[in-house]
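Dear colleague,

Here is the structure you asked about, and below it you will find my notes on what came out of going through it. Please read them with the sequence and the coordinates open beside you.

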Amino acid sequence: MIRTTYIYIIFSVFIAIAPWVFPESLITIINYAGLFGLVSIGLVLLTGIGGMTSFGQAAFVGVGAYTSAYLSTVSQWSPWLTLFVGVAVAVLIALALGSLTLKLAGHYLPLSTIAWGLSLYYLAGNLQFLGGHSGIRAVPSIDFFGITIGSGRNFTYFVWIFVGAAMWLASNLLNSREGRAIRCLKGGRTMASAMGVNVPMVKLKVFVLSSVLAAVSGWMYVHFQRFVNPTPFGLNYSIDYLFMTVLGGAGFLPGAILGTGIIIALREWLVEFLPLLFGQSGNYETIILAILIIFMLHRAPDGLWPQLIKILNVKEAPKFTELNVTKEAPLERRNVTHFNGESLLVLEHVSKRFGGLQAVNDVSFQVKAGEILGLIGPNGAGKSTTFNLLSGVNPASSGKVTFLGQDITNLESYQVAALGMSRTFQHVQLLPHLTVLENVAIGAYLRCEAGYIKSMFHLERDQESQIISESLRMLKRVGLEKHAYISAGSLSLGDQRILEIARALCSDPALLLLDEPAAGLRLKEKEELAKLLDQLRKEGLGVLLVEHDMDFVMDLVDRIVVMEFGEKIAEGLPEAIQNNQVVLEAYLGSTES
Ligand code: ADP
Ligand code: MG
C-alpha cells in the first residue's frame, strides 16, 4: 500500500530536479502550473469542499497583480511590501462581496462574482493610471535575500515553495475543528448551525481565504512576467480555473495541482500541434480542451485525483484517530449542571405559519432539567416544526421561547446551540464521507476555540487530541465505538441516528432534542437507547423526545405532550395520556400511530 505522503515526496523531488533537466518550455509549463495551482487550491476549499461557486477568481489574481505592478513601478515600493497591500485589497473586496451575498442561498455568489470579474477587466482596461489595455511595463523582479527571482529556474523553486506551503496550510485547516465546519457547508448547513457553527461567517472566511491565494498568485505572476494587462484576469480565465479544479478533483487538494498541470500542459501541446493538423491557427485548442474535459468528467465525475489514487492504490494516512492523541485531559465541561425540576425550556403560545398552513398553533409547554418529555402526535401534527422553531432553524411566527431564562425566540440556530441546546434530526444529517468519529467531533465545535490561524499551522494538536478522546468517549457511551473509523455513510440507518445522539452529546448540552431517535432501531437497540436516555436524565439533562413508537415512549418518559393539527390536545403523565379520550380519538382517527 502506498501512502499519499510518498506521492508528495516523489513530486517534490520531481520539482527539485525539473529545472536542471527539462527544456525551458517545459519549465515554463511547470511554473504556470504552480501559479494556477495556487488559485486552484483556493477553489478546492471554496467550491469543491465549501460548495460555493466563484467566477471571480481571475479578478482576484488581477487585484494582486495590478496592485503590485502599480506600486512597485510608479511608487517604487518593494515587491514584498506590495504583496501585503495586494492581499489586503483582495481581502477587502472579498469581504464586501461576501458579506453582501453569502447570507443568501442560491445563485447570488456566482452572479455577483461574474459581475465582479467583468468589472475588474473593464476597469483595468479603461483606467489610464493602470495603463489601459496596454497595461504596465517594466515591473521589477522579486528579490529574495539577494537572489533575483527572475529566471525560469529560480522562479520554479519560488512558486512551488508557495504552492507547497499553501497545500500544507490548507490541508491542516481541513483536518481541524474549523475544517470540519467547512466540510459541513456542502449538504450539512442546518446540522452545522445546530452544532454552533455560524455558517455565513464560515462561508465568508473561506471566500476570503480563496481570494488571498488568488491575489498571491497574481503577485508572483506579475513579477515573473514583468508586465501586466487586463487579459488574464477576465471571466474566461475564471472559468478556466474552475475547469482545472473540477477536472483534477475539486474535493481534493492534490486535485488542484493535477488539474492545472494537465490543462496547462495539454493546452501548450495543442497550441503547437493543432495548427500543423489544420494548416492554420484559430484557437482550436479551446474547443478540443472543452470536448476532452466533458469526456473526462463523464468518466470520472469526481475528477481525476480520486481515480488516480484508486489505480495506484494510495491510502491517505488517517489523522483523526486515537493514535494521534497526545493529551489525555478531557475537554472542559460547558454547562453547570442544573438542579432537577428547574425549567430549562419554556414555550409560550408559539405558532408557526407556512403560507396558508398553520403548522403549529398556540402551543405552550415546558421541559425541566432531569426529565424526559415526550412529544407525540400523528404524522403532520407539527412536532418537527415545533423542534425547528424552538431550536432556531425556523423562527416562530408568534409566541415566545425561553431557554435557561433567556428569550431565544429570535435567535439563530447557532446562537441557541451556544446556550446549551443540542439536537438530532428526523432525517439524519451526517457527512457520509467522513468517519463516524469525525462526525461526532463536529459536536465538540462549541467546546473548543482554535481558529483558522492556529489550525492552519497545526498549533491546536492538544485540543484536537482532546476532541478525539472526547468523541471516542461519546461513541463508547452510545455503543458505536467499534465503528469509529468507518465512514458514517456506511452505518445502518439506525446506527446513524445513534451517531447523531453521540454528536449532540459531544456538545455537552443542558437540553437534548431528539426527533424520532428510535425509528429504524431493532428491539434490543431500542432498549439500549432507553437505558442511555434514562442515564442522561439521572445526570440532570433535560430531554425532549419526539417519537412514534408508543411502547418506547410510555415506558420511558416522565410526561407527555400530545399534538394534533398543530395544536396541543393533551398534556400529562403517560398513564393519563393512554386513557385520554381525545388522544385515543386522534390516534384512532389517523392511520399512523
Ligand atoms: P410532524 O413532525 O408532526 O410529522 P411536521 O412538523 O413535519 O409534522 O409538519 C407539520 C405540517 O407542516 C405538515 O403539514 C407539513 O407538511 C408542514 N410543513 C413542515 N415544514 C414545512 C415547510 N418548511 N414549509 C411548508 N410546510 C411545512
Ligand atoms: Mg416529524
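**Helix H18 and the residues around it**

Gln466 counts as buried, at 12% relative accessibility, where buried means under 20% relative accessible area, exposed over 50% and partly exposed in between, with a 1.4 Å probe and protein chains only. This is a predicted model, in which local features need pLDDT of at least 70 and side-chain atom pairs count only at pLDDT 80 or more, while totals for chains, interfaces and linings use all residues. Residues are numbered from 1 along each chain as its sequence is written, chains are lettered from A and ligands numbered from 1 in the order in which they are written, and side-chain values use heavy atoms, with hydrogens and water left out.

Gln466 sits in helix H18, which runs over residues 461–478; helices (H or I, at least four residues) and strands (E, at least two) are DSSP runs, numbered from the N terminus. Leaving aside neighbours within four places in sequence, Gln466 is in contact with Lys327, Ala329, Pro330 and Leu331, contact meaning heavy atoms within 4.5 Å. Gln463 also lies in helix H18 and is buried, with a relative accessible area of 14%. Not counting residues up to four places away in sequence, Gln463 touches Arg177, Cys448, Glu449 and Ala450.

Arg447 is placed in the loop between H16 and helix H17 (452–456), and with a relative accessible area of 11% Arg447 is buried. Apart from neighbours within four places in sequence, the contacts of Arg447 are Leu331, Glu332, Arg333, Arg334, Glu470, Cys506, Ser507 and Asp508. Arg447 and Ile149 are 298 residues apart in sequence, and their C-alpha atoms are 46 Å apart in space.

**The magnesium ion**

Which residues coordinate the magnesium ion (ligand 2)? The donors are Ser384, through OG, and Gln426, through OE1, at 2.1 to 2.2 Å. Ser384 lies in helix H14 (residues 383–390) and Gln426 in the loop between S10 and helix H16 (436–441), so the pair ties together parts that are 42 residues apart in sequence. Donors here are N, O and S atoms within 2.8 Å of the metal (3.2 Å for Na, K and Ca), and water is not among the atoms, so sites may look incomplete. Ser384 is partly exposed, with a relative accessible area of 23%, and Gln426 counts as partly exposed at 24% relative accessibility.

Ala359 is found in strand S6 (residues 357–368) and is buried, with a relative accessible area of 9%. With residues up to four places away in sequence not counted, Ala359 touches Lys352, Phe354, Ala381, Gly382, Thr385 and Gly566.

A search of the whole structure finds 3 cavities of 30 Å³ or more. On a 1 Å grid over the protein atoms alone, a cavity is a set of points where a 1.4 Å probe fits but cannot get out, and lining residues have an atom within 4 Å of a point. About 40 Å³ of space lies in the largest cavity, a volume being the space filled by probe spheres set on the points, with grid points joined across faces, edges and corners. The lining of the largest cavity consists of Ala194, Ser391, Ser413, Val416, Ala417, Met421, Ser422 and Arg423, and helix H15 (413–419) and strand S10 (421–423) each supply at least two residues of that lining.

**Helix H13 and the whole chain**

In helix H13 (residues 304–311), Leu304, Trp305 and Pro306 are buried. The cover over the buried residues of H13 includes helix H1 (4–21), helix H10 (235–248), helix H11 (253–278) and helix H12 (284–299). Asn313, which follows H13, has a positive phi, near 55°.

The chain has 23 helices and 14 strands, and buried residues make up 54% of its 593 residues. Along its principal axes, the C-alpha trace spans about 90 × 50 × 45 Å. The domain assignment gives domain 1 (2–232) and domain 2 (343–592), with bounds that come from an automatic or database domain assignment. The C-alpha centres of domain 1 and domain 2 lie 42 Å apart, and 27 residues of domain 1 are in contact with 31 residues of domain 2.

With best wishes

How values were computed. On a 1 Å grid over the protein atoms alone, a cavity is a set of points where a 1.4 Å probe fits but cannot get out, and a pocket is an open set with protein on both sides within 12 Å along at least five of seven lines; lining residues have an atom within 4 Å of a point.
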